[in-house]
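I opened the model to look up surface patches, salt bridges and cavities. My entries follow.

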Amino acid sequence: MPPSARAQQSRPRPLSSGCGALDWDTCSPGDSLLQEGPGCSERSSGRAGVLPLWGPTRSGRHSTPLPSPPLPPGLGLPQGTRRRRLLLLLLGLPAAAASLSLGLGLAGGRGLRLLLLLPPFGGAWPEEGLVDVEASDHAQGRRHQRLTEARPAPHPRSSPPPPSALRPEREHFRRPGAGLPGPHGDGCPEESRGLEVRSRQPCRVGRLGERAHPAGPSPTRKAAAAPPVPEAALAERWESRRAMERGPGGGDGGKPGPPVRLRKRKSELYRPTPGGAAGRGSAVLGETLVLGLCAVVLRLLNCFMVQTSFVPDEYWQALEVAHRLGYNILNAANYGYLTWEWTEGLRGSLFPLFFAGIYKALHLLSRDDVQWLIWLPRVAQALLAALADVKLYSFAKRLEDGEAAKWVLFCQLCSWFTWFCCTRTLTNTMEAVLSTLALSYYPVGGRQPGSRWKCLALVALACLVRPTALIPWTPLLLHQFWEEPQKSHLLLHTCLPLGLVTLGGSLLMDRLFYGQWVVVQLNFLKFNVLHNLAAFYGSHPWHWYLFQGLPAVLGPHLPFFIHGCFRAPKGHRVFLAVVLWTVAVYSTLSHKEFRFLYPVLPFCMLFCGQSLRQLKRWRPPACAFLLVANLLPALYTGLVHQRGTLDVMGYLQGLCQTTPAPASVLMLMPCHSTPHYSHLHCPLPLRFLECPPDLTGKASYLDEADRFYADPQKWLREEFSNTASLPTHLAFFNLLEPDISSFLAAHGYTKAAMFFHTHLPQGRTGSYIYVYKRNQRRLWRQPEASWHLPGSCLREARLLHWTAPGQPHTASGAPLDVSQQMAGLLSTSFFK
């Protein structure tokens, strides 16, 4: 043999990754390692006992086969000499045993563990034998997954597969005997069965008794084309394989044999982890339960710590309408008041019906006390806000991970504006709750396609409560439609049926409420957009939301929101588009309010949470800053700012029990400054200044409130020309007192109570609310001359307290008897 060929033969070559990876499994069962069997080749020289160790990595790929160790110098023996092969075997076996012992000792049970069940020479592998290969990727230090191959299930087909089906469709570990043709085999011949490791190259099937080579060319020689296997041999193998799988009790017509029992694994690496299906479900349920309880406790505390008023709509678009529904239509006392919006059909009846059901339940349970009527709707709103907090956390966790969701929830809970609004009975609050619930079911990245119905149904429900809910959801719905592969199916089978059901339900409810067919969504669009009549209640420049509205709503979260917009992943761009789109649309309308931006605040919290997640070193001081900076405005606006309008209603509640002549109250304040019968729950005569917009088109239109503040004295003289119709109590802001002081003194009004309202008075709103009570004019006065009257007459005259019209009463409220009335008449005749 030439020296070059001898050197090339002695040079170490990489082991084959196909069938017959070991040298002994290429030999026939009757051949020994010292004899050349029909399947043995030159590869068996100098390489006996070398076991390639590789397996699937953590990412599912296969590591490169380990190169065989180089032979010691001088042992490159030529082929054909049995003595030299015997010497090689004697030297190689101890070296392999030493390497195996060293590997087992260093691994310690977690890294390298090799269990080889070698078949005896000339014997066969046991039928229930298992081969486990567990190796660590010593090059990268990765831990391999442990793979176990059970006995393949019998193929459902009874006929042998075609030759094209013998090539394996996927790579797997095979136990001895897996080389037989079949649906789970790899097409390797029976002679090449043995310890098999995952291979990237499938095997080609050769003739019986001939070694099968990998499908790819050999690194040292060109692979010869294998002749095809006869169909008869394939059928014979297939039948023998099926007979082996049926077991000893199963023939062609027999029953299947006993199931194969696999060896139970005791390694800690393969025990069920808490992240499994059952463990993960219980963990998620426990986390949701704990989080929900904490959110409920926090929002209930939030509910009882907000004792101020925000805007009139939290009463006049919800509670006052519900009180009239619950105590008029549902068989109760006939009193209440509806503003012009309900007479013109601009508002939907779904939101007030929610609170009317609460009122009616209290009425049926005989628990309709005024305090229950005030607090129970707010408690219900607080529970809904807690549910929205949990759903926002779950959506952020699905969008990113648990770390990001934790900081998103933290930003949501410590937001001062959320604290200020989330427990109020505003349509904007319910819109924000339903939008957050819909967001939790929004498909992200093509995931959760089954939640599309829930998402769209909640969006439709939010539009019934307030049609402006469609504004922030327009970019999200368009994005979902763009990502949807089956657009026609989405439109025809989801959006169309849901839209018809929503519109039909709205028409039916409003028909029952208004007594006629009304499309409130269309009327709402006409009033606020086409006719722009909302500007009657105030207008702002187009940039108000950008420089005042959004910064005030975000408050201390503003820098974190800006930082999060730049650091958020690309998947968050659609949510940033929601915020920008909503601000842009609302900026085109003249009438602007802070509460209009509240439904997009949860979208902003997604970016604030991303900002806190990115901050590593500065995260603790940033969290402390957010807590302190949001706590101060939350407590001030919830306990101090604008609380006078609610405190004065508590004072007026005591007038409901006045008998026999009931009191009457006139509110000389900007229209709808205070609640109405929902906070009194008694038919007390109560009047306020009305301010409906100009629905007739008059150029010089002035509402009642404007005419009063233009000249208060004139309005009072014209309205109460008959002094008998004067109310017993007047309530107004302290700014009005100098303008009507002469009227108060002329008609006997004195200050009865004073309530703090705000430190920041603005416009017609003052810092205090005064309540003046009319003292009935005493019918006697001290004469200029010294009159000596009987003591009894003077004493009874001082007790006299006239109320017009009606029977005279004493100051204590008891009716006068005949003697007292005669004394009163006597004193009147003296001091006329």
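**Entry: surface patch.** I found a nonpolar surface patch of about 430 Å², made by Val519, Leu522, Leu525, Val529 and Leu530. Patch residues have over 30% relative accessible area and no salt bridge; like charges are joined within 9 Å, nonpolar side chains (Val, Leu, Ile, Met, Phe, Trp, Tyr) within 5 Å. Areas come from the Shrake-Rupley method with a 1.4 Å probe, and for residues only the protein chains shown count as cover. Leu530 sits in helix α15, residues 520-530. Leu530 is exposed, at 60% relative accessible area. My cut-offs: buried is under 20%, exposed is over 50%, partly exposed is in between. Helices (H or I, at least four residues) and strands (E, at least two) are DSSP runs, numbered from the N terminus.

**Entry: source notes.** This is a predicted model, in which local features need pLDDT of at least 70, side-chain atom pairs count only at pLDDT 80 or more, and totals for chains, interfaces and linings use all residues. Residues are numbered from 1 along each chain as its sequence is written, and side-chain values use heavy atoms, with hydrogens and water left out.

**Entry: salt bridges.** I counted 15 salt bridges in the structure. The criterion is a side-chain nitrogen of Lys or Arg within 4 Å of a carboxyl oxygen of Asp or Glu. Asp389 pairs with Arg299, with the closest N and O atoms 2.7 Å apart. Asp389 is in helix α8 (370-399) and Arg299 in helix α4 (277-304), so the bridge ties parts that are 90 residues apart in sequence. Both Asp389 and Arg299 are buried.

I then checked Glu431 and Arg466, whose salt bridge is 3.9 Å, N to O. Glu431 is in helix α11 and Arg466 in the loop between α12 and α13 (470-483), 35 residues apart. Glu431 and Arg466 are buried. Helix α11 itself (427-440) is mostly covered: 14 of its 14 residues are buried.

Glu704 and Arg687 form a further bridge at 3.0 Å, N to O. Glu704 is in helix α22 (704-710) and Arg687 in strand β4 (686-688), so parts 17 residues apart in sequence are tied together. Glu704 counts as buried at 13% relative accessibility. Arg687 counts as partly exposed at 29%.

**Entry: cavities.** How many cavities of 30 Å³ or more are there? I get 10. A cavity is a set of points on a 1 Å grid, over the protein atoms alone, where a 1.4 Å probe fits but cannot get out; lining residues have an atom within 4 Å of a point. Grid points are joined across faces, edges and corners, and a volume is the space filled by probe spheres set on the points. The largest cavity has a volume of about 110 Å³. Its lining has 16 residues, with Leu346, Arg347, Gly348, Val465 and Pro467 nearest its centre.

Key:
Buried < 20%, exposed > 50% of the residue type's maximum accessible area, 1.4 Å probe, protein only. 1 Å grid on protein atoms, 1.4 Å probe; cavity = no way out; pocket = protein on both sides within 12 Å on 5 of 7 lines; lining within 4 Å.
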